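Here is a report on a two-chain model with a ligand. Please keep the sequence and the 3D view open while reading.

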Amino acid sequence: MKTAISTLAVECPKHLKHALTLLHESLATERLTPLAGGTDLFVYLNAGSHRGTRFLDLAPCAELRGIKAIKGRLRIGALETFDRIARHPKMAAWPLLVQAARCVGAAQIQNRGTIGGNIANASPAGDSLPVLLAYDALVHVASVRGERTIPFRELQTGYRQLALEADELIVAVELPEVPAGAKQFFRKVGTRAAQSISKVVFAGVLVPGRGGQWSHVRLAWGSMAPITVRSLRAEAALLAHKPSAQAAAWADVALGEDLVPIDDIRSDAEYRLSAARHVLAQFLRSSHAGFRG
Amino acid sequence: MSDGKPTQAPGTPPAGMAIPGNRTMPKEDRLTPPVWEGGRAAPPNGDFRMIGKRNRKVEGLAKVTGRAVYADDLVLPRMLHAKLLRSIHAHARIVSIDASAALALPGVHAVVTGADMPTHFGIIPWTEDEQALCTDKVRYVGDAIAAVAADDERTCEEALKLVRVEYEPLPAVTDIETALAHPEWQVNEKAGEGNISKHVRLEFGDVDGALAASDHVVEGDYWYEGSTHAPLEPHCCVAEFDSTGFLTVWSSTQVAHYLHRDLAKVLNLPTQRVRVIQPVVGGGFGGKSEPFSLEFAAAKLSMVTGRPVKILYTREEVFYAHRGRHPMRLRYRTGMTADGAITGTDALVQLDGGAYSSFGLVTTYYSGQLLTAPYALPAYRFDSTRVFTNKPACGPKRGHGSVQPRFAFECQLDKLCEKAGLDPIEVRRRNFIGERTKTVNGMRVTSNGFLECLDAVERESGWAAKFRRMPYGRGIGVAGSMYISGTNYCIYPNEMPQSAVQLRLDRSGRATVMSGCSDIGQGVESVLAYIVCEELGLDLRDVRVVAADTDLTPVDLGAYSSRETFMVGNACLDAARHLRLKIAQTLAERWGVAAGEIVLANGVACASSDPGRFAISVKEAFQWAEARHGTLGSVGWYQSPKLGGEYRGGTIGASPAYSFTAHVAEVECDPETGFVAVKHIWVAHDCGRALNPVTVEGQMEGSAYMGFGEALLETQRYKDAAPGHAFGLHHGPSLLDYRMPTSLDTPELHALIVESVDPEGPYGAKEAGEGPLHPSIPAIANAIHDALGVRCDALPFDPPSVMRLLRAGEARANWERARAQVGGPR
Ligand SMILES: Cc1cc2nc3c(=O)[nH]c(=O)nc-3n(C[C@H](O)[C@H](O)[C@H](O)COP(=O)(O)OP(=O)(O)OC[C@H]3O[C@@H](n4cnc5c(N)ncnc54)[C@H](O)[C@@H]3O)c2cc1C
């Protein structure tokens with residue numbers, strides 16, 4: 001049943017510190033649900049599947065905004081919307097996140113939906129998540145006890161579960177510098193061009209080392225498992241190898257072992273896996289002529 | 001719906017359709033329409049000033065500025081809100097309903113159940129098998145059981161949770177096979193036997209002989225996935241039963257007249273004390289062409305509480321209301337001679353009807369009857385069976401009943417062309433049935449612009465340079481179709497007109513058109529205004545259209561079967577011409593000129609022989625005429641001539657005029673992922689005459705878009721039992737999960753209007769709202785074959801299905817072979 005908006009309460013903090021205090025104090029009674037763009041929360045409220053009745057509006061927390069480059073690294077505030085991310089000039093060095101941002105829902109969703117919300121919502125189909133994994137992103141979180149930093153890879157613990165304390169907020173994500181000469185690739189396979197939940201979403205980074213062998217490989221997948229995953233066997237099949245048709249074939253076989261796709265109404269497992277293999281093949285072909293054999 | 005004469009069908013007459021004893025059939029005597037000098041197609045004032053021009057729609061500004069008043073915008077004093085309790089089982093007996101706790105909840109005013117209005121109703125009088133709220137059984141997940149009225153929706157929802165329903169689950173039937181295999185699991189007790197909703201078998205000519213004598217015969221099995229309309233506006237109504245015992249219902253319906261009748265029947269009220277008003281409707285596509293639970297429930301709750309009651313369906317409920325396109329399994333055998341002449345067709349069709357009949361009787365006929373043009377089909381047989389299943393009822397969706405067989409047949413034709421090594425456009429041309437002719441099943445064809453349609457799509461698409469000539473993965477395909485411009489019967493037997501208009505002219509220079517017709521966005525109110533402007537020389541701003549209010553407007557049957565422009569347009573043309581004649585005679589007398597010289601155009605009335613001397617404003621002309629004849633008013637009506645084949649069911653599919661369409665679709669497919677991108681659709685449509693080219697193009701593009709969505713994306717599936725939900729639940733009753741194409745997915749649509757000028761249509765117009773959808777699906781399927789060498793015989797053509805086809809067959813080899821046939825530069 002749809003949740004009546006009139007029964008809900010929203011707390012408006014003055015700043016981040018105040019927000020963290022309110023959130024912490026709320027644990028004694030009903031936990032405040034952080035509210036960013038609301039594009040996930042409203043869906044839950046509409047379906048009547050969100051139990052909470054009290055919300056913490058993050059909008060007043062200026063500390064959660066801003067896209068800043070610091071010594072080659074990039075810090076993106078949790079409240080930054082996908083539209084802002086896609087348009088920001090500093091994003092040029094992290095093109096995969098720009099591409100992912102442009103794939104989230106459609107223009108209206110990109111105007112409201114935030115990267116913090118995408119992370120916290122922890123859907124296996126979250127489009128920005130494989131990018132964060134492929135870029136070795138760090139996530140800064142805060143509570144009344146202070147700030148801490150968690151690698152994105154370690155943040156996800158299970159289906160829609162994060163290694164976050166109930167009174168912690170995501171403050172920002174940090175993207176390390178992408179090694180020079182990296183080949184980068186993003187692809188979302190959905191059922192339609194907009195407003196579509198991914199069947200497969202992929203972000204890949206390949207860095208050529210000295211002698212032509214790949215020195216750094218990241219192959220990250222969404223919608224293939226309960227959490228966003230890297231295909232470690234396929235990565236191993238490429239790491240320290242030169243681009244060749246042989247390497248591509250190994251990676252393809254390894255991928256079949258890495259990925260045990262989720263079977264749901266959106267797409268059957270068999271199709272997801274075959275689409276994933278094609279996406280990987282496409283990436284390899286586009287990154288180096290050698291893969292074409 | 002028989003023609004009254006016990007004539008023998010050319011095939012086996014279908015069983016069923018017995019006429020209840022208390023109903024009399026119409027005599028077939030038809031009213032004679034007025035005959036106008038120069039005919040109905042001619043402009044009244046020498047040349048057209050309004051018709052054929054790119055005019056605005058009369059309600060357009062209100063819609064784009066958010067001022068149009070839809071049913072949900074209505075708020076009446078003391079109004080209550082109501083909600084329906086819906087079944088969580090696909091099939092179950094209702095053992096008991098206890099609403100006492102719900103009634104006790106503060107803010108709740110009333111609860112009604114099926115027992116409060118048990119009378120069966122149904123849009124087709126021969127298959128009245130629905131109840132406003134179920135009394136003893138639920139037949140699909142979402143079937144309505146009870147309704148609660150309260151101060152607000154929120155309280156309604158709380159109250160619904162308190163209604164205790166005790167169910168006894170029954171085995172559920174969710175597909176055609178199970179429905180046929182288990183007649184003992186009867187879904188709908190009104191079925192004659194088992195789960196058979198309707199069976200029709202008709203044969204015209206010697207089909208077996210024709211097929212045996214063919215050079216090529218192709219046999220194919222096709223699957224048409226059902227789809228739903230998804231109008232932007234969910235169903236909504238407000239009902240008010242006043243202290244005098246008079247019921248007014250505002251509803252987002254496309255058939256105010258039928259709703260009027262059924263409300264009176266189910267609520268046991270005299271029809272003259274019921275008024276139905278259709279506010280602005282936000283799309284229907286056939287999904288609002290019969291009464292629904294909400295209208296009865298709101299009305300009953302208003303009668304019980306003495307207060308106005310509103311019900312607004314959620315999007316999820318719109319999926320349960322459904323009445324969408326029937327899933328169909330189709331088996332076709334089609335023959336052709338070596339030089340490309342179609343010899344015969346044998347069709348076996350099964351329709352998955354869902355839980356109720358809806359329009360199903362007609363759908364079952366349409367699944368065969370509407371295939372007999374634009375090609376001459378010398379011999380034809382179809383055997384169609386509609387079954388009941390425990391799913392939301394299927395009904396009419398844009399292109400009612402004939403989109404599915406058209407898909408199968410046009411794919412058959414493409415396969416035959418491939419076999420015979422002939423160009424599919426050329427073959428379609430060779431089989432052209434012609435103008436002023438009759439189809440094999442006895443349908444009269446008047447105008448026919450199909451050849452021009454083929455020419456247009458061939459030319460505009462660059463067909464000759466593309467077909468079988470593009471690289472692997474890219475392809476182009478063609479398909480054709482026909483559709484009705486209204487049917488020649490009201491769906492309940494009577495001898496009265498199908499459409500009517502009352503027109504009044506005011507001495508201020510204003511005209512008011514009143515008609516029961518239903519504008520659901522297709523623009524019929526604008527059509528009426530254009531006609532009045534054309535005939536009387538008025539500006540569009542000086543005509544008001546009052547439509548679909550059963551107290552104020554004469555009966556029109558509503559917006560279905562693409563009838564409005566043709567039928568109510570004709571009624572309006574007659575009404576306007578009667579008054580034009582009066583005005584012309586008045587002026588001719590005063591000026592001493594011939595009445596034929598009088599021109600009413602651009603706000604001026606003048607004599608064409610000497611406009612310098614004899615000219616006044618149209619407003620003055622109205623005043624002169626009023627002084628001479630008394631108050632100015634007129635009526636016009638439309639009744640179709642006697643049409644159809646001389647056999648039982650021979651009138652179903654008979655229409656006063658048929659529209660014709662050809663599509664060429666161009667696709668780009670990714671053989672690695674199975675993804676099909678439709679790049680272009682060229683749509684050529686013979687609409688007789690485009691009264692407003694913009695709205696015709698809108699209909700053509702909208703139709704092609706809708707067909708494209710059904711071809712590639714839309715799925716209508718029901719889940720198996722699993723934790724958290726019941727068996728038979730719709731897979732995704734939301735606009736996020738039910739995947740219709742977005743604007744980004746949509747191909748370039750090229751609308752090419754063809755005007756054959758029909759002798760009987762208003763100014764020669766025929767339909768444009770449904771016909772242009774039909775060829776979308778087969779044109780895309782045929783294009784995919786040209787691109788990849790696989791035959792998509794089952795909808796939707798989504799990536800997993802295309803991948804399966806690519807893996808299963810020798811796609812590439814088939815592609816090479818087809819290419820070799822028509823290959824080489826021309
Ligand atoms: C029509 C539609 C289409 C969509 N399409 C896509 C798509 O294609 N791809 C995709 O990935 N997603 C899609 N989404 C989902 C959604 O838009 C994204 O997940 C978005 O990033 C959520 O951000 P938000 O700011 O709106 O989150 P909210 O709805 O405000 O919050 C989501 C969750 O995160 C929590 N939260 C938010 N911010 C923080 C924070 N700083 N710290 C801790 N917790 C926090 C909230 O408490 C809540 O539990 C779609 C949604 C809709 C409605």
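The sections below go from conventions to chains, domains, interface and ligand.

## Conventions

This is a predicted model, in which local features need pLDDT of at least 70, side-chain atom pairs count only at pLDDT 80 or more, and totals for chains, interfaces and linings use all residues. Residues are numbered from 1 along each chain as its sequence is written, while chains are lettered from A and ligands numbered from 1 in the order in which they are written.

## Chain A overall

Chain A contains 11 helices and 14 strands. These are DSSP runs numbered from the N terminus: helices are H or I with at least four residues, strands are E with at least two. The radius of gyration of chain A is 20 Å, close to the 19 Å that the globule rule gives for 293 residues, so chain A is as compact as a globular protein of that length. The radius is taken over C-alpha atoms, and the rule is 2.2 Å times the number of residues to the power 0.38.

The C-alpha trace of chain A spans about 60 × 45 × 30 Å along its principal axes. Of its 293 residues, 45% are buried. A residue is buried if 20 or more other C-beta atoms lie within 10 Å of its own, exposed if 12 or fewer, and partly exposed in between; C-beta atoms are placed from the backbone. Take the contacts in chain A between residues at least 6 apart in sequence: 64% join residues at least 24 apart. Two residues are in contact if their C-beta atoms, placed from the backbone, lie within 7 Å.

## His15(A)

His15(A) sits in the loop between strand 1 (9–11) and helix 1 (16–26) of chain A. His15(A) counts as exposed because it has 12 C-beta neighbours inside 10 Å. Leaving out residues up to four places away in sequence, His15(A) touches Pro60(A), Cys61(A), Ala62(A) and Glu63(A). Pro243(A) is 228 residues from His15(A) along the chain, and their C-alpha atoms are separated by 51 Å.

## Chain B overall

Chain B has 20 helices and 28 strands. Its radius of gyration is 27 Å, close to the 28 Å from the globule rule for 826 residues, so chain B is as compact as a globular protein of that length. Its C-alpha trace spans about 80 × 80 × 55 Å along the principal axes.

Buried residues account for 60% of the 826 in chain B. Among contacts in chain B between residues at least 6 apart in sequence, 81% link residues at least 24 apart.

Chain B is divided into domain 1 (60–68 + 497–638), domain 2 (71–170 + 234–281 + 288–321) and domain 3 (328–489 + 646–822). The bounds come from an automatic or database domain assignment. The centres of domain 1 and domain 3 of chain B, taken over C-alpha atoms, are 38 Å apart. There, 16 residues of domain 1 of chain B contact 20 residues of domain 3 of chain B. On the domain 1 side, helix 14 (524–536) and helix 15 of chain B are the elements that give two or more residues. Helix 15 of chain B supplies the largest share, six residues. By class, this side has seven nonpolar, eight polar and one charged residues. Ala, Val, Leu, Ile, Met, Phe, Trp, Tyr, Cys and Pro count as nonpolar; Asp, Glu, Lys and Arg as charged; the others, Gly among them, as polar.

Helix 15 of chain B covers residues 564–591. Its 28 residues should span 40 Å at 1.5 Å a residue, and its end C-alpha atoms are 39 Å apart, which agrees. The expected span is 1.5 Å times one less than the number of residues. Helix 15 of chain B is mostly covered, with 20 of its 28 residues buried. Gly592(B) follows helix 15 of chain B and has a positive phi, near 65 degrees.

## Chain A against chain B

The contact takes 18 residues from chain A and 16 from chain B. Helix 11 (residues 269–287) of chain A gives the most to the chain A side, with four residues. That side has nine nonpolar, six polar and three charged residues.

## The ligand

Where is the ligand? The ligand lies between chains A and B. Domain 1 (5–57) and domain 2 (62–175) of chain A both give residues to the shell around the ligand, so the ligand lies between these domains. Of the 30 residues around the ligand, Ala36(A), Gly37(A), Gly117(A), Asn118(A) and Ala120(A) come nearest. A residue is near a molecule or strand if its C-beta atom, placed from the backbone, lies within 6 Å of it.

Helix 6 of chain A gives the most to the shell around the ligand, with five residues. The shell divides into 14 nonpolar, 13 polar and three charged residues.
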